[in-house]
Amino acid sequence: MIEVSEITKRWERLEFLWKDCWAQMDEAEILFDGRDVEVNVRKAAPGGVAGVKHIPPTAYHVVSAAAGAILTENVVITMPPRKQIIKEQQRSDKLEQFAPAFLERVNKSLPLPLLYMVNQMALLYGLCPIKAPLWDPAAPDKPQNKADIEQWELQRIADFPIIVRLLDPRTVVFDLGTYPPKYVIERSYRSVEEVHDLYGDKLKGIDLQADPQGQVSWTEYWDKDEAVYLAGGQEVKRLKNQAGFLPYIFVFAPFGHYPGTRFRTMDPAALIRGVL
């Protein structure tokens with residue numbers, strides 16, 4: 001069981017290693033967004049009107065063209081068996097049938113197709129972290145009354161209680177010394193009201209109202225055994241990782257490289273590079 005102090009130490013160490021990589025992501029985002037310039041828009045009739053016209057920057061076209069060149073309409077998902085035995089092969093066959101249907105259902109819950117957004121983010125930043133699968137905490141539990149189970153199953157199919165999230169790559173750190181990573185630390189912000197509603201009885205000695213934006217730092221630590229939630233640096237929840245694996249998938253752009261010297265083998269800025 002990991003201590004909160006150890007989570008903090010790991011974050012601080014990895015934050016130092018990742019800061020140059022995050023700076024590259026910030027620069028890429030600025031180039032991609034471009035800027036609005038004020039221009040004179042002339043009409044055919046005498047006189048004119050001043051307006052603001054958005055001119056898409058070159059970087060926007062570069063990322064969009066690269067993402068458009070990656071075909072995602074007919075995706076083939078393969079899941080090799082863990083062992084070369086008939087039972088494991090049958091399991092793999094079922095998973096390969098399930099995966100495309102799962103992806104199609106996920107797309108219905110998102111504003112844009114998942115793989116399209118993944119391509120865009122990975123090409124722009126060099127890395128796209130996907131957090132999945134997550135169970136929707138608002139989904140109702142299985143009813144005890146057998147008469148209600150059928151309705152519950154139909155409602156669960158309609159609501160699809162599995163969540164897939166694309167994360168800002170500047171909010172997630174992991175040790176590149178081993179891959180797949182042994183643990184992941186995610187840090188973001190949540191509203192004070194939400195944290196109070198969920199964990200108000202577990203918060204001690206923290207003035208959440210001190211933030212004028214009404215937000216508090218939120219940290220999640222995950223490894224194969226457990227997950228720990230921190231609000232304002234204080235533990236509010238610890239749970240067993242029932243799945244036994246990290247609920248994170250990392251998609252890298254193909255432009256990075258492993259550093260050539262033994263002193264920089266863990267440099268994210270060298271490995272994680274976008275198309276810009």
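Modeller: First, a definition: helices (H or I, at least four residues) and strands (E, at least two) are DSSP runs, numbered from the N terminus. This is a predicted model, where local features need pLDDT of at least 70, side-chain atom pairs count only at pLDDT 80 or more, and totals for chains, interfaces and linings use all residues. Residues are numbered from 1 along each chain as its sequence is written, and side-chain values use heavy atoms, with hydrogens and water left out.

Colleague: Which strand holds Tyr 221?

Modeller: Look at residues 215–223. They form the strand that includes Tyr 221, and that strand is S7.

Colleague: Is Tyr 221 buried or exposed?

Modeller: Buried means under 20% relative accessible area, exposed over 50%, partly exposed in between (1.4 Å probe, protein chains only). Tyr 221 has 3% relative accessibility, so Tyr 221 counts as buried.

Colleague: Which residue's side chain makes a polar contact with Tyr 221 and is also on its list of touching residues?

Modeller: Contact means heavy atoms within 4.5 Å. Leaving out residues up to four places away in sequence, Tyr 221 touches several residues, including Ile 7, Arg 10 and Tyr 183. A polar contact is a pair of N or O atoms within 3.5 Å; within protein, one must be able to donate a hydrogen and the other to accept it, and residues adjacent in sequence count only if both atoms are side-chain atoms. At 3.1 Å, the side-chain partner is Arg 10.

Colleague: How many bridges join S3 to S4?

Modeller: Two strands pair if DSSP finds at least two bridges between them. S3 (residues 127–135) and S4 run antiparallel, and the bridges between them number four.
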